[in-house]
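Please keep the sequence and the structure at hand while reading.

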Amino acid sequence: INTLILGSSSGIGLSITKKLLENNHRIICLSKNKPNIEHKNFNFHKIDLLVNNEFEDFLKKYDLKSVDNFIINSGINDVAKLSDISTERLINLYKVNLFPSFQLLKQISEISYENKKIKSILFIASIWSKFGISGRSMYGTSKAALVALAKHASAELSSNSIFVNCISPGFTKTNMT
């Protein structure tokens, strides 16, 4: 099974990567930093989501038909009060937390469905997509938008046996929390 994971160098993404490698998945790891993993089924590609078009260019060049499952786990949690949020900060957060999911779905929707392998697309959202907390408006709204995107994409792609879903973890022992 070929699984492409975006955001797999730390936290939840790294844990998922290690678990899938234990279960003999072939992992295509996309991340800004290379995790300390040496495994025959591990293939790393350096992708910085804040560099314009880097992820989109990768998607256009890579044979997405060879991938069974996609896990989009990219995320930054820029904590700020509403009065301190600049448009630039908000756009940069959305470039990491939301835009890659749109870019992936666009590329997948353009693939011919004849003889495709894609089975599932999983987005890692957050409990903060459902609950409000001071200082988390940028992060929470980006993850809420991700949940909505998954619902709409699922409605559009499910007739082609492509399943799109989100999980929204709460507190998880990672460097972010």
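## Buried residues, helix packing and cores

Leu-6 counts as buried, because its relative accessibility is 2% and buried means under 20% relative accessible area. The model in which this residue is described is a predicted one. Leu-6 lies in strand E1, which covers residues 2-6, and, when residues up to four places away in sequence are not counted, Leu-6 touches Leu-30, Leu-49, Phe-55, Ile-71, Ile-72, Asn-73, Ser-74 and Pro-100.

Two pairs of residues that are separated in sequence can be set side by side, with the spatial separations taken from C-alpha to C-alpha.

| Pair | Apart in sequence | Apart in space, C-alpha to C-alpha |
|---|---|---|
| Leu-6 and Leu-104 | 98 residues | 10 Å |
| Asp-57 and Gln-103 | 46 residues | 10.0 Å |

Asp-57, a member of the second pair in the table, has its place in helix H2, and with a relative accessible area of 38% Asp-57 is partly exposed.

The next topic is helix packing. Helix H4 (residues 99-109) and helix H5 (residues 137-157) pack at an angle of about 5 degrees, and their axes are 11 Å apart. H4 and H5 are therefore roughly parallel to each other, since angles under 35 degrees count as roughly parallel. On the H4 side the contact is made by Ser-101, Phe-102, Leu-105 and Ser-109, and on the H5 side by Leu-146, Leu-149, Ala-153 and Leu-157.

Helix H3 (residues 87-97) has Leu-93, Tyr-94, Val-96 and Asn-97 as buried residues. Seen down the axis of H3, these buried residues fall within an arc of 160 degrees, so they line one face of the helix. What covers the buried residues of H3 includes H4 and H5, whereas the face of H3 turned away from its buried side carries the exposed residues Thr-87 and Glu-88.

Which residues touch the most other members of the largest nonpolar core? In this core of 35 residues, they are Leu-30, Phe-70, Leu-105, Ile-121, Phe-123 and Val-164. H5 supplies the largest share of this core, with seven residues. Phe-123, leaving aside its neighbours within four places in sequence, is in contact with Ile-72, Ser-101, Leu-105, Leu-146, Ala-150, Val-164, Asn-165, Cys-166 and Ile-167. There is also a second, separate core of eleven residues, which includes Ile-5, Ile-16, Ile-27 and Ile-124.

Finally, the backbone deserves a comment. Most residues other than glycine have a negative phi. Asn-24, a residue other than glycine, has a positive phi near 70 degrees, and Asn-24 is found in the loop between helix H1 (11-22) and strand E2 (26-31). For Asn-53, too, phi is positive and near 70 degrees; the place of Asn-53 is in the loop between strand E3 (42-46) and helix H2 (54-61). With a relative accessible area of 44%, Asn-53 is partly exposed, because that class lies between the limits of under 20% for buried and over 50% for exposed.

Conventions:
Residues are numbered from 1 along each chain as its sequence is written. This is a predicted model: local features need pLDDT of at least 70, side-chain atom pairs count only at pLDDT 80 or more; totals for chains, interfaces and linings use all residues. Side-chain values use heavy atoms; hydrogens and water are left out. Axes are lines fitted to C-alpha atoms, for helices over the stretch in contact, and angles run from 0 to 180 degrees between N-to-C directions. Helices (H or I, at least four residues) and strands (E, at least two) are DSSP runs, numbered from the N terminus. Angles under 35 degrees count as roughly parallel, over 145 as roughly antiparallel, 65 to 115 as roughly perpendicular and the rest as oblique. Contact means heavy atoms within 4.5 Å. Buried means under 20% relative accessible area, exposed over 50%, partly exposed in between (1.4 Å probe, protein chains only). A nonpolar core is a set of buried Ala, Val, Leu, Ile, Met, Phe, Trp, Tyr and Cys residues joined through side-chain atoms within 4.5 Å. The arc is that of the directions from the helix axis to the C-beta atoms.
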